[in-house]
Amino acid sequence: MKEIVVLSGKGGTGKTSIVASFAALAQSKVLADCDVDAADLYLLLQPQVQEEKEFWSGQVAFIDKEKCIECEICQDICRFGAIENYVVDPISCEGCSFCYQVCPVDAITMRESMVGHWFISDTSYGALVHARLGIAEENSGKLVALVRQNAKLIAEKQNLDYIISDGPPGIGCPVISSLSGASLALLVTEPTLSGIHDLERVIAVCRHFGIPTLVCINKYDINEENTHQIENYCYKEGIEVAAKIPFDNVVTEAIVHGLPVVEYSEGKLTQEIRSLWQYIACALE
Amino acid sequence: MVISIASGKGGTGKTLVATSLALALSGKSKVQLLDCDVEEPNAHIFLHSTINQSQPVFLPIPKVDETKCTYCGKCAEVCAYNAIAVVKEKVLIFPELCHGCGACSYLCPESAITEEGKEIGIVERGNSGNIDFIQGKLNIGEIAAPHLIKKVKRYIEPTSEVIIDVSPGTSCPVVEAVKDSDFCLLVTEPTPFGLNDLSLAVEVTRKLGIPCGVVINRDEAGDEKVERYCHEQDIPILLKIPLDREIAELYSKGIPLIEGIPAWRNSFLELFQEIQQNVSASQVAK
Ligand code: SF4
Ligand code: SF4
């Protein structure tokens, strides 16, 4: 079983459209949407939810007004500025429990909170594990880990060849959580200066965690000079460019129709994505 | 006034809007641009800013003096993140899990724990023309983006017009960056993805009690549903930027929209006026 994580550093490079296309192209796979704060993959795969589970995590401090003697110790020691006038701001609280430990009259309790949901669903392309993190919640890294774990269980149980996951943008906590121990990272970039800059940072993260990496340049014809620059950079870094995909508004049309682009059109773009998938499948043998 | 520019979905043109708005205003007022997308800061590419100050940001990580430690296990017991473990005659510290809350060092009965800074990123300050430019850059492999964002926001000068470029998403780094702003501008695109992520971003601003407005980028590339949603939710659409090859090319080369096509300057000035009106209206409502 191989796990492929599709990342981009910069958002909006076309990651999700590519993952949805892989969903349609690959045999024997389970899909995982690891972009838990802004999960979009379900919009293209039309899942039927089979199991819905609550995600409990992240404690928040709570002060009992009746017991509090207003000594201010908690306010002084909280490094996250979460306590003011003997009230905890749940958004700022990082759940460290320091205040709970030091309150001289035990006025503080730590409460678990339900911060999201995760789902196992059926799609016409196979099982999908996805999640929704509550608004403005923390711990997206933990939820990502949970999504991956469950995708892996399904893959093991059904003896599937691939886990294909749509990763989060950026290089921070949820990205690290989606990446560690994966078989391959596919980095989808675009030939803009921002895209190049972000690609360099996400390559560094993959390297930091020792994950084999391939690059795909999406909308390569928007700026061919920049595309060249990316190719040269990848060559220098010893990373293969697995595909160059042209710009085509058919991608947006497919999103509007709620379909993976390879199911929506048979054009040049679809062929490129097909050969990209073959490239990846070979790279994983 | 502090205006944060967020999007839910990545790649919708947040940085394009942030840089053009800052440039449009910089002729008239004191402007600060804070790039709080510390995982992937990009505004500098458009602003060609010269950096003249660079400050490393540290997170305090525990360090145990083994000569004082009695292996009582108190530190491991109080750590909410399992960043410290006590095994027989050894204390193990996992810096990548530590949030730097300070509980262990404060509560150690033997005062055996001190704290040592671990660099998680840097804050850089410089300028681009009249714009006072500040950005945070998270180190590779680090997770404490919110801590770094806080440090970037320390540079806010209340007498300036402050524009904050926020990272995509809806979780802790976004909240940290958007929190305490007077207005949040949400940049989206007219597709089901844009709509889905916009509605999440709107909920963040509501939860934080910050008035918001929408910029639709790549207008007419997709469908009408984003506009319909904004009307239903009573969210003002303050600017539309068309799907246009020239605009995409400028962006790809790192040229700010109002420099590439100066006719856009006025649209951004109007955008700012509309934001001002919205902010005063919402203050009256409060
Ligand atoms: S749990 Fe930690 S972050 Fe939350 S209020 Fe207490 S000391 Fe502050
Ligand atoms: S430490 Fe306890 S008693 Fe003192 S102010 Fe905080 S909650 Fe109140």
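**Exercise 1. The shell of ligand 1**

Sort the residues of the shell around ligand 1 into nonpolar, polar and charged.

*Solution.* Step 1: the shell holds ten nonpolar, two polar and one charged residue. Step 2: recall the classes. Ala, Val, Leu, Ile, Met, Phe, Trp, Tyr, Cys and Pro count as nonpolar; Asp, Glu, Lys and Arg count as charged; the others, Gly among them, are polar. Step 3: name the closest residues. 13 residues surround ligand 1, and the closest are Cys78(A), Cys93(A), Cys96(A), Ser97(A) and Cys99(A). A residue is near a molecule or strand if one of its heavy atoms lies within 4 Å of it.

Some ground rules follow. This is a predicted model, where local features need pLDDT of at least 70 and side-chain atom pairs count only at pLDDT 80 or more, while totals for chains, interfaces and linings use all residues. Residues are numbered from 1 along each chain as its sequence is written, chains are lettered from A and ligands numbered from 1 in the order in which they are written, and side-chain values use heavy atoms, with hydrogens and water left out.

**Exercise 2. The shell of ligand 2**

Give the class make-up of the shell around ligand 2.

*Solution.* Step 1: list residues around ligand 2. Among them are Ile63(A), Cys68(A), Glu70(A), Cys71(A), Cys74(A), Tyr86(A) and Cys103(A). Step 2: count by class. The shell has ten nonpolar, no polar and two charged residues.

**Exercise 3. The sheet of chain A**

Write the strand order of the open sheet in chain A, then find its edges.

*Solution.* Step 1: nine strands run in the order S3-S6-S7-S2-S8-S1-S9-S10-S11, with mixed pairing. Strands are DSSP runs (E, at least two residues) and helices are too (H or I, at least four), numbered from the N terminus. Two strands pair if DSSP finds at least two bridges between them. Step 2: the edge strands are S3 (48-63) and S11 (240-245) of chain A, each pairing on one side only. Step 3: check one pair. S1 (residues 2-7) and S9 (residues 184-189) of chain A run parallel, joined by four bridges. Here Ile4(A) stands opposite Leu184(A).

**Exercise 4. Strand S7 of chain A**

Is S7 (residues 126-133) of chain A largely enclosed or open?

*Solution.* Step 1: six of its eight residues are buried, so S7(A) is largely enclosed by the rest of the structure. Buried means under 20% relative accessible area, exposed over 50%, partly exposed in between (1.4 Å probe, protein chains only). Step 2: look at the partners. S2 (residues 29-33) of chain A runs parallel to S7(A), with two bridges. Ala32(A) has Val129(A) as its bridge partner. S6 (residues 108-123) of chain A runs antiparallel to S7(A), with eight bridges. Ser121(A) is partnered by Leu128(A). Step 3: S6(A) and S7(A) form a hairpin with two residues between them.

**Exercise 5. A residue in chain B**

**Exercise 6. Where the chains meet**

*Solution.* Step 1: chain B gives 60 residues and chain A gives 59. Step 2: the buried area is about 4,900 Å², with 59% from carbon and sulfur atoms. Buried area is the accessible area (1.4 Å probe) that two parts lose on being put together, summed over both. Step 3: in chain B, Glu40(B), Ile140(B) and Phe193(B) lose the most area to chain A, together 15% of what that side buries.

Note on methods. Contact = heavy atoms within 4.5 Å.
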